[in-house]
Amino acid sequence: MGSDRRPPTGRRPVTAVDVLVVGAGPTGLAMAAQLAAFGVRVRVVARAVDRAHESRALAIQPRTLEVLAGSGVTDELLAGGNPAVRLCLHAYGRVRAVPLFDLGLGDTAHPYLLFLSQAETERILGEHLAAAGLAVERGVELVGMNQTGDGVATLRHADGREEPVSARYVVGCDGAHSTVRHLAGIGFEGAAYPQTFVLADLEADGIAGGAAHAFVSGQGPLFLFPLRHPASWRLLVMRPPADAPPPESPVTLDEVQALADTYTGATVRLHDPVWMTNFRLHHRAATRYRAGRVFLAGDAAHIHSPAGAQGMNTGIQDAVNLGWKLAHALRGGADPSLLDTYQAERAPVGRMVLRFTDRAFTAATSTNPVVRFVRGRLAPALIPAVLAPRFVRATAFRTVSQLGIGYRRSPLSTDGPRPPRKGPRAGDRLPDAPVAGANGGTLHRLTAAPRWHLLLCGPPAAWATGETAGLAQRYPGRLTVHRLAESDSTGGAVPAASALRRLGLAPGVSAAYLVRPDGHIGYRSGGTDLTGLTAYLDRWLPS
């Protein structure tokens, strides 16, 4: 597990754990929830003595809500969040409302951006873990790792006591300054942006509720995003180039109000701040996501600007991708290269997010005269017109929402004989659709349990073989078989005509889709021959 600054002595008892998760932000908590759902012995430690109480990250993307459904926390997130329905663009005294989420997306139950402070997200995830009997150990710092033998990590508690821990795997979810990454000898390449920003959670008068507000000018944007806790609004604004105090410098309400006045024309009054801070942005990526039995996820692997609300969401999806793979590796029997697919699948996503956020950030902050003119004069007039067609908004939303992320080039993505020509391919996210009589009435709820799901689609008579019944018995608790048919007169199958259409299947056509625990299609084939599926399961799913 990398270098060990403080090797444990033989006189101290060594506690054993399957996975040690370092860091208890949203990524670390989601990682622990995934592992706990699979029955993995996991410890979660965090150097900070308390969770975040300020908002920091503030938006949850649709795909994140989908992948967390299996952990049982999505409904609580929805209850506490605020699905904003429009964006108000303010420029030179004019306000243009842009509807964002009237898109009619039928393949997700969450066609919106959910505004919820990171503090609330961490609270909900933490309470979920506590209810499962897993407490976050705070005030505990990782100070050493060693991958030889049993793989011993050294933890230092708040009282100075050091504890050796034998861990099969260590996952670094400990942020941009990751100790895990440093001890594992993994590089972190990139740079800092020159601008300084102010973040604040506060109250604001002079703007309409139920919307996100962007005040656009040549000097840059000011954003006000709707929250519920710990305050009604999150403010994000860039300081002038000549005003670059150190990040640790205190921020006063008077100076934030003065900044806001330059963008809003003194039309918005700020008051009752809960939290205010200066901050600098970086764009960096780990040179690799794995070093032996050590893995990185979230900000420990990639950091970037908050453009598009990608950071926390990408980290949580890192965790969901890695969690079930670690559980399979710990059980044994799966192909040893399974864990290599984590980097193969998630590193390209991290690079894509870095490119996207860097371009968006540059467009929003560049001091180039041409860019300033376009940003300040042309963009406020053009954006509503460009986004007016619903299909344009839907295409843009799919990119930002991370619904389009897939792993078609992954070793885990396999097409069997005669795969359907339409619909999702191996590696793609399983789309959602109504499913009559199923748990919760949707395909995603039917397949939400943390396990593999085999969808046998088409006329039930085609699947009436002992081979299909034996699959679930061969992998008890790890594979669930569902039969999807056109109507409710087919005896034993789930009526799922809409879902079959979403999968690209015509009436009477048979096909098999094997859905991974993270909701992506691992294997698909046409017809009823399961030879390829059986070989796939033999390789990747522990028997």
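The model is predicted.

Start with strand E13, which spans residues 212–217. Of its 6 residues, 6 are buried, so the strand is largely enclosed by the rest of the structure. A residue counts as buried when its relative accessible area is under 20%. Look at the two faces in turn. Ala 212, Ala 214 and Val 216 are buried on one side. His 213, Phe 215 and Ser 217 are buried on the other. Both faces of E13 are therefore covered, as the burial of these residues shows.

E13 also has strand partners. Strands of a sheet pair through backbone hydrogen bonds, either parallel or antiparallel. Strand E5, residues 86–91, runs parallel to E13 and is joined to it by 4 bridges. Here Leu 87 stands opposite Ala 212. Strand E14, residues 220–226, pairs with E13 in the antiparallel sense over 5 bridges. In that pairing, His 213 has Leu 224 as its bridge partner.

**Other strand pairings**

Strand E12 covers residues 188–205. It pairs with strand E16, residues 269–286, and with strand E15, residues 233–238. Both pairings are antiparallel.

|---|---|---|
| E12 and E16 | 14 bridges | Thr 196 and Arg 280 |
| E12 and E15 | 6 bridges | Val 198 and Val 237 |
| E3 and E7 | 2 bridges | Ile 60 and Leu 114 |

The pair E3 and E7 belongs to an open sheet of 3 strands, in the order E3-E7-E4. The pairing in this sheet is antiparallel. Strand E3 (59–60) and strand E4 (82–83) stand at the edges, and each has a single partner strand, so one side of each is left without a neighbour in the sheet. Strand E7 itself spans residues 114–115.

Where do the buried residues of helix H14 point? The helix runs over residues 531–540, and its buried residues are Leu 533, Thr 534, Tyr 536, Leu 537 and Trp 540. Seen down the axis, these buried residues fall within an arc of 160°, so they line one face of H14.

**The second largest pocket**

Rolling a probe the size of a water molecule over the atoms shows where empty space is left. The second largest pocket has a volume of about 490 Å³. Its lining has 30 residues. Glu 66, Ala 69, Gly 70, His 444 and Ala 448 lie nearest the centre of the pocket. Helix H2 (62–67), helix H3 (74–80) and helix H11 (443–446) are the elements that give two or more residues to this lining. H2 gives the largest share, with 4 residues. What classes of residue make up the lining? There are 13 nonpolar, 11 polar and 6 charged residues.

Are Cys 173 and Cys 457 buried or exposed? Cys 173 has a relative accessibility of 9%, so it counts as buried. Cys 457 is buried too, with a relative accessible area of 0%. How many disulfides does the structure hold? The count is 0.

Conventions
Residues numbered from 1 in each chain as written. Predicted model: local features only at pLDDT ≥ 70, side-chain atom pairs only at ≥ 80, totals over all residues. Heavy atoms only, no water. Disulfide = S-S within 2.5 Å. Buried < 20%, exposed > 50% of the residue type's maximum accessible area, 1.4 Å probe, protein only. Pairing = 2+ DSSP bridges. Arc of directions from axis to C-beta. 1 Å grid on protein atoms, 1.4 Å probe; cavity = no way out; pocket = protein on both sides within 12 Å on 5 of 7 lines; lining within 4 Å. Points joined across faces, edges and corners; volume = space filled by probe spheres on them. Nonpolar A, V, L, I, M, F, W, Y, C, P; charged D, E, K, R; others polar.
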